[in-house]
Amino acid sequence: MSAFDDAGADLELRQITKTFPGFTAIEQLDLTIPAGSFFALLGPSGCGKTTTLRLVAGLEEPTTGRVLIGGRDVTATKPHERPVNTVFQSYALFPHMTVQGNVEFGLRRRGVKDAGARALEALKLVQLDHLAARRPSQLSGGQQQRVALARAIVNRPALLLLDEPLGALDLKLRREMQLELKAIQAEVGLTFLHVTHDQEEAMTMADTVAVMNRGRIEQMGSPQELYELPRTLFVANFLGQSNLLTGDVVATSGANTVVEVGGVRLSIPTARMQRTSGAVTVGVRPEKLLLLTEEPKAKRGVNLLGPARVTDVSFTGVSTQYQVEFPENSALPGMSVFAQNLVFGAVVNPGAEVWLSWSVDHGFGLADAAEPGSSFAAAEADDTSVAVAAGES
Amino acid sequence: MAFGAFAGGPAADPGIGAAQRKSRVVLLLLLPGVIYLALTYVAPLISLVLTSLQSPSPTFDIGSYVYAFNIGNYATAISEYAPVLGRSFLFALTATVLTLVIGYPLAYFIGVTLRRFPLLQSLALVLVIAPFFISFLLRTLAWKQIFSDEGPVVSFLQALAILPHDAHVTGTPFMVIFGLTYNFLPFTVLPMYTSLERLDLRYLEAAGDLYASRWSSFWRVTFPLSLPGVVSGTLLTFIPATGDYINASPSFLGGLDTAMVGNVIEQNFLVLQNYPVAAAMSIVLMVAILIPVAVYVSLTKTEELL
């Protein structure tokens, strides 16, 4: 236990199920996180991501399944016997100890000789060595977060768990900490498992993101892959925004599949579709859409929808977001378009007649059909409160 | 301190008149308390100090004294009753340690283990306080009955030949310490419960995550965080137990050789009518308690409690 792998270790979850009285938090989860990677578990509250993290830390026991760290089965071991450290959402810095005392805590429990010097080194890494003698209560939120990070990484765990560690920070500080955390991960080379509900945070920091929903992993891959080619409705909506259209597959021409939506034929690359028969939901990201004020000529390789009417224009700084509706085709849902602000002012005003076009290559087809009016953000149990309640059992 | 915070309000405040009015209101609100303390605490204390310096009246009437500066009362009190003072501290300290050893696990059980069962937690707390619903004198006398020479406990132990046939339990130091421990246990448990009930269990998770075993987590995290409760609980037991005179009284659990300071003061006041020595003894007791308490509080770094 004393000789931790400096390069981090693989984490493997095999067929994990965790049930609490009344509900199942995790169902049949299989997950392998390779050593040295920055892995994010992304999902709404109640999706089971915090429970997964607590299972890895040893703070919860799986109902069934095994947890392996670096190939070693640790399912039956206590938290203090695992080569894992956690940066808690609440930081959980010991209030009766100094910053230095907090950072030394893990080293001292393991009987490391130069605990003091190593703790100071870790504090230097997070640029807080000058506050070593302070109490946690005398630090700001961002500083406390960095102490919590130093307290964990000083132990050189095979696996570092981050439980929404930036949740309590304001936006600007959160951005800074995201970059800092990523730099530290690159520097120390440990395996990071980061749990968050903030899709932007997950995409900015992690090299692999797993989107979790209702105790299952919906899709896993690089941030770009998840964003450009979402496979399920949940991922398409949770990770960024999507314009989704439901129609029937009518033909396959070459590399593309033709889907008819409200009488309009749209081409989608067959390779980017999860299903290629029957009723399917296809989508395109709002920033891939082009807003045109005149009807263009039909072209190969471009999908065209229109005429549409602009119902709302909102300026967000880097881009302008347009909401459009199709008054002449009730089968088409409202769509949004993000246009980069290359010129001053909006290109069109509400009420204007427009056409939407996008490159066929940008479309995607989902595995599940959209239910009309379905909302992925349905209120679910807050997973942190569940986890704390269960932690006392 | 709260007073200072109000009175020394922000000087640059444009509503300085309002601040002054506010501080006047605060003073007015404090007045009843200040008057109450002056009448019931400061005045009797001055009276006690004056009494402790009195000399016997020249007419030598028993119980009649005149104001003087008779330090001799203190010499008498200390020289004559030093062993009693020592015994008081020993008994009170033993009882305090016992209440801590018995009370801490109890407080932990109610405050931490029963947290998931609020109903049971409330019930357990009621049980801790329940003895207060019966007179303290009655309960102490009941213990005297239970441990009396013909009572169930002694008879049983004699039947098992654990105690010799002529043994007594009442009137022994054991019985006095038992009584003190029993009577003061709730005073130790309640403050410790309050501290432990507020203990954030996430600190324990963090300790476990940082390689601390359960034992190590307890001593390095749980116990230090509950220290304010431990200090106030033990003080609430130790201070009154040192001056207690019911448990050690021969009418209750004590005997002739178990007298504590309280018994001596009572005797001097009510029986011997030696008010100056009784008063001197009270002051000696007060000082003798204050010194170790101050050391204790500063050692445990819980000054903010006082």
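Between domain 1 and domain 2 of chain A there is one salt bridge, and by salt bridge I mean a side-chain nitrogen of Lys or Arg within 4 Å of a carboxyl oxygen of Asp or Glu. The partners are A:Lys288 and A:Glu228, whose side chains meet at 3.0 Å, N to O. The segments that each supply at least two residues to the side of domain 1 of chain A touching domain 2 are helix 6 (199-205), strand 9 (208-213), strand 10 (216-221) and helix 7 (223-228) of chain A. Helices here are DSSP runs of H or I with at least four residues, strands are runs of E with at least two, and both are numbered from the N terminus. By class, that side of domain 1 has eight nonpolar, five polar and two charged residues. For the classes, Ala, Val, Leu, Ile, Met, Phe, Trp, Tyr, Cys and Pro count as nonpolar, Asp, Glu, Lys and Arg as charged, and the others, Gly among them, as polar.

A quick word on what you are looking at. This is a predicted model, where local features need pLDDT of at least 70 and side-chain atom pairs count only at pLDDT 80 or more, while totals for chains, interfaces and linings use all residues. Residues are numbered from 1 along each chain as its sequence is written, chains are lettered from A and ligands numbered from 1 in the order in which they are written, and side-chain values use heavy atoms, with hydrogens and water left out.

Back to the two domains. Domain 1 of chain A covers 11-229 + 384-391, and domain 2 covers 233-365; these bounds come from an automatic or database domain assignment. Their centres, taken over C-alpha atoms, are 39 Å apart. Domain 1 of chain A puts 15 residues into the contact and domain 2 puts in ten, with contact meaning heavy atoms within 4.5 Å. The size of an interface is often given as the accessible area lost when the parts come together. Here the buried area is about 1,200 Å², and carbon and sulfur atoms give 66% of that. Buried area is the accessible area, with a 1.4 Å probe, that two parts lose on being put together, summed over both. On the domain 1 side, A:Tyr227, A:Glu228 and A:Leu229 lose the most area to domain 2 of chain A, together 47% of what that side buries. We also find five residue pairs in polar contact between these domains, both residues at pLDDT 80 or more. A polar contact is a pair of N or O atoms within 3.5 Å; within protein, one must be able to donate a hydrogen and the other to accept it, and residues adjacent in sequence count only if both atoms are side-chain atoms.

Now, what happens between the chains? Chain A brings 30 residues to the contact and chain B brings 19 residues. The area buried between chain A and chain B is about 2,100 Å², with 65% from carbon and sulfur atoms. Which side chains form the salt bridge? A:Arg54 and B:Glu205 do, at 2.6 Å, N to O. On the side of chain A that touches chain B, the elements giving two or more residues are helix 1 (49-57), strand 6 (84-87) and helix 2 (99-109) of chain A. That side has 15 nonpolar, nine polar and six charged residues. There are also seven residue pairs in polar contact between the chains, both at pLDDT 80 or more.

Buried means under 20% relative accessible area, exposed over 50%, and partly exposed in between, using a 1.4 Å probe and protein chains only. B:Glu205 is among the buried ones, as are B:Leu201 and B:Tyr203. At the N-terminal end, B:Asp200 caps the helix, with a side-chain oxygen 3.0 Å from the backbone nitrogen of B:Arg202. After the helix comes B:Tyr211, with a positive phi near 70°.

Let me finish with some backbone geometry. Most residues other than glycine have a negative phi, and most peptide bonds are trans. A:Tyr91 has a positive phi of about 70°; A:Tyr91 sits in the loop between strand 6 and helix 2 of chain A. Is A:Tyr91 buried or exposed? A:Tyr91 counts as buried because its relative accessibility is 5%. A:Gln28, in strand 2 of chain A, has a positive phi near 45°, and at 46% relative accessibility A:Gln28 counts as partly exposed. Lastly, a cis peptide bond joins A:Gly306 and A:Pro307, with omega about 0°, and A:Pro307 lies in strand 16 of chain A.
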